[in-house]
Amino acid sequence: MRGARGMQSSNSAGHLLQLIRDGRVGTRRELGQVTDLSRSTVAARLDALVNAGYLREAGTATSSGGRPPTLLTFDDLTPTVLAADLGVTHGRVAVTNARGEILAEQVLESRIAAGPESVLGEVCDRFDKLLEKAGRDPATVCGIGIGVPGPVEFEQARVVRPPVMPGWHDYPVRDAVGRRFKAPLYLENDANLMALGEHQVNFPDESTLLFLKVGSGLGAGIIAGGEVLRGADGAAGDIGHVRIKDGTAVCTCGAIGCLAASASGTAMARELRDQGFAALTSRDVVSFVAKGEPAAVAVVHRSGLLVGEVLATAISLLNPRVLVIGGDLADAGEQFLRGVHESLLQHTQPLATGRLVVTTSTLGDRSGVTGAVAMVRDQVFAPDAVDRRLAELAGAVS
Ligand SMILES: [Zn+2]
């Protein structure tokens, strides 16, 4: 849809805000020059943006003579964002400002399999508590971002036939959370969110990035052309359930031989248990690796090899500049990375991997929440969304 509009909307108030957010203009005069709008039109649109709380006029720019012009500043400190990153066995909820600075946060020990009513009720309760802790008025919430470990239909904010989220298929997440918080809600696959967060924070100039989440489960998020690639059904990057050669393990999705059934954190923990170690979760696997336990190192390395084999195809198709490994297993990064890297070199052409940067996430436990805030910001402050809200506010006044 983007780019299909005529010129008349490209100077709307929402677009003026975009110019200011991007740092391309900083004063009324510059806006007039860049857009060819009359002074009175610029003034009316800026007034609307200031009154709605998007902009502040603060400080002064240096002047070449005469009265120094007032600087226009995008206000990303006042709006509040509610973010939740829900994994299979645990998650994280946070209250941030629109700049992404975390004001209050909490780990959520709740299993996604408990179902949407229970999990979302818990998430909303935590949001309430964290808002209070951060001293934020719920009226300042500009958007809510939630990540889940399954495929998502983004426009409808619904989970679609998830392999490991019983009870979530087609559940109206927006309605359920909307009963507690009056702000736009966006739902996204967790690996997609992590890819988005990693891209915006660490690799904003790379157009193509692949993010691999290895936690209890296994999934990938793709940034292509600078944006999240969701695919036709929201299932792009769902590589955990690709069948691998000679795979015999039964997967949580019910199928036999999925990559996740052999190489996810859960699978690695099972493998270690079979060898007599007390490993229940992916986090236990990481702690055994941290202690230098050779059996754990070998299991993690072997998982890396398997994952690399499947990723080789993805790398050949997408030719990303960066492959970021995140999730719990990122903390056992070196062993896992080595396995992935070895596999990739074996299974791909040098052109696809020669300049590929393979690295672990620096955002750690917060990569999902960071991505959730980035998603909310991208949606809520997009020119069209801003124009729609200004029209609503104008309608409410008249
Ligand atoms: Zn599976």
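At what angle do the axes of helix α8 and helix α9 cross? Let's look at two close-ups of a predicted model, where local features need pLDDT of at least 70, side-chain atom pairs count only at pLDDT 80 or more, and totals for chains, interfaces and linings use all residues. Residues are numbered from 1 along each chain as its sequence is written.

**View 1. Helix α8 crosses helix α9.** The axes of α8 (residues 265-274) and α9 (residues 282-290) cross at roughly 60° and come within 7 Å. That makes the pair oblique (under 35 degrees is roughly parallel, over 145 roughly antiparallel, 65 to 115 roughly perpendicular, and the rest oblique). Axes here are lines fitted to C-alpha atoms, for helices over the stretch in contact, and angles run from 0 to 180 degrees between N-to-C directions. Helices are DSSP runs (H or I, at least four residues), numbered from the N terminus.

**View 2. Where α8 meets α9.** From α8 come Gly265, Thr266, Met268, Ala269 and Leu272, and they meet Ser282, Asp284, Val285 and Phe288 of α9. Contact means that the C-beta atoms, placed from the backbone, lie within 7 Å. Sorted by type, the residues of this contact are five nonpolar, three polar and one charged (Ala, Val, Leu, Ile, Met, Phe, Trp, Tyr, Cys and Pro are nonpolar, Asp, Glu, Lys and Arg charged, and the others, Gly among them, polar).

**View 3. Helix α2 packs with helix α3.** Here α2 (residues 28-35) and α3 (residues 39-51) have axes 10 Å apart, at an angle of about 120°, so these two are oblique to each other. Arg28, Leu31 and Gly32 in α2 meet Arg39, Val42 and Leu46 in α3. That contact splits into three nonpolar, one polar and two charged residues.

Note on methods
A crossing is left-handed if the near helix is turned anticlockwise from the far one by less than a right angle, and right-handed if clockwise. Two residues are in contact if their C-beta atoms, placed from the backbone, lie within 7 Å.
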